[in-house]
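Here is a short report on one structure. Keep the sequence and the 3D view open while reading.

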Amino acid sequence: MARSALTMTAATFAATAALLLTACGGEDSSPDDIKGAETGASTSSPSASASGAADVKRPDVSLPEDLKLVFDFEKPSDTEQAAALEDAANYIRALDHGIAQQDPNDPAYQFYSTGGAEKYAKSQIEAWVKDGWTVTGDDRYFDASIDPVGEGKSVLVSFCRNQAKFYSKKVKTGKVNYTEENLDSYQKFSLLMSPSEASAAVWQARQIEVQGRVKECKG
């Protein structure tokens, strides 16, 4: 089993992002505290200090030893763009953490996402858990770009993915479903990121588009 892609055209995604920003006056104005911050939080995650104040309690996004996520990104010189990119990566880590924990209500992805991105993460984790699969192998993300959206602080973070060595594994038996590299191995992620209302040090994914079979990511 491979992680399913959320099919959405670029035009639809752009329209959704525009509507989201318009409805919220430029930013998501939800007054709620960041979900997931109060449960098992830890500042020792792979990127706990990368995007803000040291007093922000971040959830555990550690992964099993047999799963390695590689984010081959160049760090932007702009501090806010760097924070948005790092927490976009944390969103991916949190999604895989939820799958590894077999918990559709895992606090990690709830901390790093809201709106459509939160629903997407939950649906992905639910699908893996329902079918009795977890994740293993190496998963690589690269060629990141960051573009401003609207007049607020929101940005669109996009990057490629090579999941050729990222495999599904049966939870009960430990049997790995090995697959050969092909065009399905290459995806492109686009995440609408903006600072959380609860803490400007934390950026949350609000909308997500995942395109499959992306030739430009294969190179």
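How many residues of strand β3 (residues 155-162) are buried? Seven of the eight are, so the strand is mostly covered. Buried means under 20% relative accessible area, exposed over 50%, and partly exposed in between, with a 1.4 Å probe and protein chains only. Strands are DSSP runs of E of at least two residues, and helices are runs of H or I of at least four, numbered from the N terminus.

Strand β3 runs antiparallel to β2 (residues 133-148), joined by seven bridges. Two strands pair if DSSP finds at least two bridges between them. P148 stands opposite V155 of β3. Six residues lie between the strands of this hairpin, and G150 has a positive phi near 70° there. Strand β3 also pairs with β6 (residues 186-195), again antiparallel, over eight bridges. Here C160 has K188 of β6 as its bridge partner.

## Basis of the model

This is a predicted model: local features need pLDDT of at least 70, side-chain atom pairs count only at pLDDT 80 or more, and totals for chains, interfaces and linings use all residues. Residues are numbered from 1 along each chain as its sequence is written, and side-chain values use heavy atoms, with hydrogens and water left out.

## Strand β1

Strand β1 runs parallel to β2, with six bridges between them. L67 stands opposite G137 in β2.

## Helices α2 and α4

Two packed helices are described by the angle between their axes and the distance between the axes. For α2 (residues 79-101) and α4 (residues 115-130), the angle is about 30° and the axes are 9 Å apart. Axes are lines fitted to C-alpha atoms over the stretch in contact, and angles run from 0 to 180 degrees between N-to-C directions. The two helices are therefore roughly parallel to each other (under 35 degrees; over 145 is roughly antiparallel, 65 to 115 roughly perpendicular, the rest oblique).

Which residues make the contact? Helix α2 supplies Y91, L95, G98 and I99. Helix α4 supplies A117, Y120, A121, Q124, I125 and W128. Contact means heavy atoms within 4.5 Å.

## Residue A83

A83 is found in helix α2. Its relative accessibility is 6%, so A83 counts as buried. A83 and A200 are 117 residues apart in sequence, yet their C-alpha atoms are 9.9 Å apart in space.
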